[in-house]
Amino acid sequence: CQDITELLSKDRDLQVAQKVLRQFAHELRSKYACAAHELETVRACIKRQLALGNDSIKKEFAKVGVDDGSLAAAMCLLHEADQLIETRLQLHKVYRGVYKTEPNIQIVEQAALLASRVDVARALASSSSKVQYIVDTSNKLSDTSIELDCYVFEHIANNLLSNARKHTSSGCVSLSFLGINKDQAKNKTQQLLFAVKDTGRGIPDEIKSRLFKEEVTSADIRGIGLGLLSCKVFAEAIGGSCWVQSTKTYEAGTTGTQDCGTEFRFCLPGSIVTIDTPQPRHSIIDIHDTQLPKRLRIFVVEDSGMLRRTIVSKLKSVANGAGCSEIEINEHETVESIIRVFDTFIDDPNAIVTTDQNLESMGGHLNGSDLIIALKKAKYKGLLVSCTGDMQMGQSHMDLGADLVWGKPLPNYDSVLISLQKFYATRNV
């Protein structure tokens, strides 16, 4: 790990860094029984380097004329190393029987949950990639909320999407929610069914029969066979399963077609949750005795279109249910975009601004922290909400001046309403 970070920050030789990472991966595989604290030490080093990615490293790369594409490739390497160690550490826990599922059960909007994983896969793809990364909503289940173990879901989705990315050179990689698993003869609990599909080169028969075993490496030479194995182990640890639904290969030297590729499916214990939102709940209103303002101006700063729509939908639902009569929605893909209209809302106490941290995928150069600092400097009078999937970053946003932190996906209806009522009750006092 030290070699990788030094190469990226000093020598800037990405090919050599790739070679070091591959060697590290194979050494990690051969040292399966290595102590967990040793891996945590290595991972901490990688985390420090990733934390510098958009600041110190970017400035250093710029000094010597290295383009953003090379920087992205370098950071992608470190993300892969971090994911590799995370997988190994969690496998240790599962094999020792110390993984506990209860604290990870959450109710989330499935569209936002899936979009967050697809966004990660898209961000890790090469800037020259011809592959589209999408959430498949053809089953018309995009508006549902689900209850499941989010940590296990994210781990499996990340690994299957990573596997698809390495195999697919053109076409599409998709993640979809297929509803309740109808083939539940072997399951005592209700299971939610998901699928990851790609238009890649498919899986040869001689490899397909050996998948989900540690010694099989079916991707490029960066892999060490832990990804698919961990998907199976994690799913089964909580009573789920993971399998190859279908695969079709094409001849070497061709680019493949939409008919080629692989579909993995996995099911996890969970349920579809109905959250009624037409009227304010009296029990909630009675607790705080605070109504939301009748007029709200909502500004959503998020570079993912799917997540923007999810946030807008949730806030409109809460505002309508709480009796707001006038709701103005403003969507922004970058910090630069909203900064241009600061003068239209900066003095409005009924404005709500929500922001993610990483907002560069649509061409922006500023992040969520930059926006919070700018709003505070301009003496913004409205509500400022951090909507990031990283709770540590959410705390950093609070330290900078954010009023609330909502995770990604957003909390359920009740939690959003209560947090808004608490904020306005405190401000009125």
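This is a predicted model: local features need pLDDT of at least 70, side-chain atom pairs count only at pLDDT 80 or more; totals for chains, interfaces and linings use all residues.

Trainee: Noted. Which residues of H13 and H14 meet, then?
Mentor: From H13, Gly368, Ser369, Ile372, Ile373 and Lys376. They meet Met393, His397 and Leu400 in H14.

Trainee: And by class, how do the residues of that contact divide?
Mentor: Four are nonpolar, three polar and one charged.

Trainee: At what angle do the axes of H13 and H14 cross?
Mentor: Roughly 15°, and the axes come within 9 Å. H13 covers residues 368-377, H14 residues 391-400. Angles under 35 degrees count as roughly parallel, so H13 is roughly parallel to H14. H13 passes H14 in a right-handed crossing.

Trainee: Let me pick Ser369. Buried or exposed?
Mentor: Buried. Its relative accessibility is 14%, and buried means under 20%. Ser369 sits in helix H13.

Trainee: What does Ser369 contact, beyond its neighbours within four places in sequence?
Mentor: Gln357, Met393, His397 and Leu400.

Trainee: Is Lys379 buried or exposed?
Mentor: Exposed. Lys379 has 64% relative accessibility, and the cut-off for exposed is over 50%.

Trainee: Which residues make the contact?
Mentor: On H6, Leu113, Leu114, Arg117, Val118, Ala121 and Leu124. On H7, Cys150, Phe153, Glu154, Ala157, Asn158, Leu161 and Arg165. By class, the contact of H6 with H7 has nine nonpolar, one polar and three charged residues.

Trainee: How many residues are in the largest nonpolar core?
Mentor: 47. Leu148, Phe153, Leu160, Phe194 and Leu268 have the most contacts inside it. H7 gives the largest share of this core, eight residues.

Trainee: What other core lies apart from it?
Mentor: One of 24 residues, including Leu292, Leu296, Leu404 and Phe423. As background, nonpolar side chains in soluble globular proteins tend to be buried together.

Trainee: Back to Leu268. What does Leu268 touch?
Mentor: Leaving out residues up to four places away in sequence, Leu268 touches Leu148, Val152, Phe153, Ile156, Gln190, Gln191, Leu192, Ala235, Ile238 and Gly240.

Trainee: One more residue: where is Leu211?
Mentor: In the loop between helix H8 (205-208) and helix H9 (226-237). Leu211 counts as buried, at 7% relative accessibility. The C-alpha atoms of Leu211 and Lys232 are separated by 9.8 Å. Along the chain, Leu211 and Lys232 are 21 residues apart.

Trainee: Now zoom out. How many helices and strands are there in the protein?
Mentor: 15 helices and 12 strands.

Trainee: How much of the protein is buried?
Mentor: Buried residues make up 48% of the 429 residues.

Methods. Residues are numbered from 1 along each chain as its sequence is written. Side-chain values use heavy atoms; hydrogens and water are left out. Contact means heavy atoms within 4.5 Å. Helices (H or I, at least four residues) and strands (E, at least two) are DSSP runs, numbered from the N terminus. Ala, Val, Leu, Ile, Met, Phe, Trp, Tyr, Cys and Pro count as nonpolar, Asp, Glu, Lys and Arg as charged, and the others, Gly among them, as polar. A nonpolar core is a set of buried Ala, Val, Leu, Ile, Met, Phe, Trp, Tyr and Cys residues joined through side-chain atoms within 4.5 Å. Buried means under 20% relative accessible area, exposed over 50%, partly exposed in between (1.4 Å probe, protein chains only). Axes are lines fitted to C-alpha atoms, for helices over the stretch in contact, and angles run from 0 to 180 degrees between N-to-C directions. Angles under 35 degrees count as roughly parallel, over 145 as roughly antiparallel, 65 to 115 as roughly perpendicular and the rest as oblique. A crossing is left-handed if the near helix is turned anticlockwise from the far one by less than a right angle, and right-handed if clockwise.
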